[in-house]
Amino acid sequence: MQPHPNVRAVQDALDGSGALDGAGQPSMVRLVPDAVHTAAAAAEALGVQVGQIANSLIFDADDAPLLVLTSGAHRVDTAGLAASIGVTRLRRATPEFVRTHTGQPIGGVAPLGHPRPLRTLVDTALEAYPEIWAAGGVPQAVFPTTYAELLRVTAGTPAEVA
């Protein structure tokens, strides 16, 4: 069976960037039996702590997409984050906005594999874990990586987001 086009795009982006997992091996997208729409569900399916899940949240930041990769252990402080990055309006994006800018559905948005690079902030809380997990383009797909690799492969900026 061929992988979903979104999963293929994410794996191609991982391969193209030389992304590594926590053991220093090439990062590979894996499919889990059931959709994991939440950090808690992903953590349970993978047998890891909820804080190790890198939620990919798309925000509408003054009409431009902003990807925030946040630890599943907490929520984004949108008012504080808006002030820290100098935008007047930061709100959760609509499903249509998300799909337009990522090509991926909410619940499966990966940190990479989008039609165009997105401005990306990476939650500094993720640095506490030797390996973290992110979505792989659809709700059933995930991949292992590290905080340093997420910063590198997304050209992201470290940020306190909670």
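1. Where is the place of alanine 155 in the chain? Alanine 155 sits in the loop between α5 and β8 (157-159). Helices here are DSSP runs of H or I with at least four residues, strands are E runs with at least two, and both are numbered from the N terminus. The phi of alanine 155 is near 55°, a positive value in a residue other than glycine. Most residues other than glycine have a negative phi. Alanine 155 counts as exposed because its relative accessibility is 63%. Buried means under 20% relative accessible area, exposed means over 50%, and partly exposed lies in between (1.4 Å probe, protein chains only).

2. A word on the basis of this note. This is a predicted model, where local features need pLDDT of at least 70, side-chain atom pairs count only at pLDDT 80 or more, and totals for chains, interfaces and linings use all residues. Residues are numbered from 1 along each chain as its sequence is written, and side-chain values use heavy atoms, with hydrogens and water left out.

3. Aspartate 62 also has a positive phi, near 50°, and is a residue other than glycine. Look for aspartate 62 in the loop between β2 and β3 (64-71). Aspartate 62 counts as partly exposed because its relative accessibility is 33%.

4. Next comes the annotation. The UniProt record, an unreviewed entry, gives "domain: YbaK/aminoacyl-tRNA synthetase-associated" for residues 35-152. UniProt positions follow the numbering used here, feature names are shortened, and annotations may be inferred rather than shown by experiment. In the model, the span 35-152 is 25% helix and 29% strand. Its end C-alpha atoms lie 27 Å apart.

5. Now the largest pocket. Its volume is about 380 Å³. Of its 24 lining residues, His37, Asn55, Ser56, Leu57 and Gly107 are the closest to its centre. Two or more lining residues come from each of α2 (39-46), β2 (53-61), β6 (132-135) and β7 (141-145). Strand β2 gives the largest share, six residues. By class, the lining has 17 nonpolar, six polar and one charged residues. Ala, Val, Leu, Ile, Met, Phe, Trp, Tyr, Cys and Pro count as nonpolar, Asp, Glu, Lys and Arg as charged, and the others, Gly among them, as polar.

6. How is a pocket found? On a 1 Å grid over the protein atoms alone, a pocket is an open set of points where a 1.4 Å probe fits, with protein on both sides within 12 Å along at least five of seven lines. Lining residues have an atom within 4 Å of a point. Grid points are joined across faces, edges and corners, and a volume is the space filled by probe spheres set on the points.

7. The second largest pocket holds about 200 Å³ of space. Its lining includes Asn55, Leu57, Phe59, Thr70 and Arg92. The largest share, three residues, again comes from β2. The lining divides into four nonpolar, five polar and two charged residues.

8. Threonine 145 belongs to strand β7. Threonine 145 counts as buried because its relative accessibility is 2%. A polar atom of its side chain lies 3.2 Å from the backbone oxygen of leucine 20. Not counting residues up to four places away in sequence, threonine 145 touches Leu20, Asp21, Gly22, Ser27, Pro130, Glu131, Ile132 and Leu150. Contact means heavy atoms within 4.5 Å. Threonine 145 and glutamate 131 are 14 residues apart along the chain, with their C-alpha atoms separated by 5.7 Å.

9. Glutamate 149 lies in helix α5 (residues 147-154). Glutamate 149 is buried because its relative accessible area is 12%. A polar atom of its side chain lies 2.8 Å from the backbone nitrogen of leucine 20. Beyond neighbours within four places in sequence, glutamate 149 is in contact with Gly18, Ala19 and Leu20.

10. Last, isoleucine 106. Its place is in the loop between α4 (95-102) and β5 (119-123). Isoleucine 106 counts as partly exposed because its relative accessibility is 46%. Isoleucine 106 and proline 95 are 11 residues apart in sequence and 6.3 Å apart in space, C-alpha to C-alpha. Leaving aside neighbours within four places in sequence, isoleucine 106 is in contact with His37, Ala93, Thr94, Pro95 and Val98.

Notes: A polar contact is a pair of N or O atoms within 3.5 Å; within protein, one must be able to donate a hydrogen and the other to accept it, and residues adjacent in sequence count only if both atoms are side-chain atoms.
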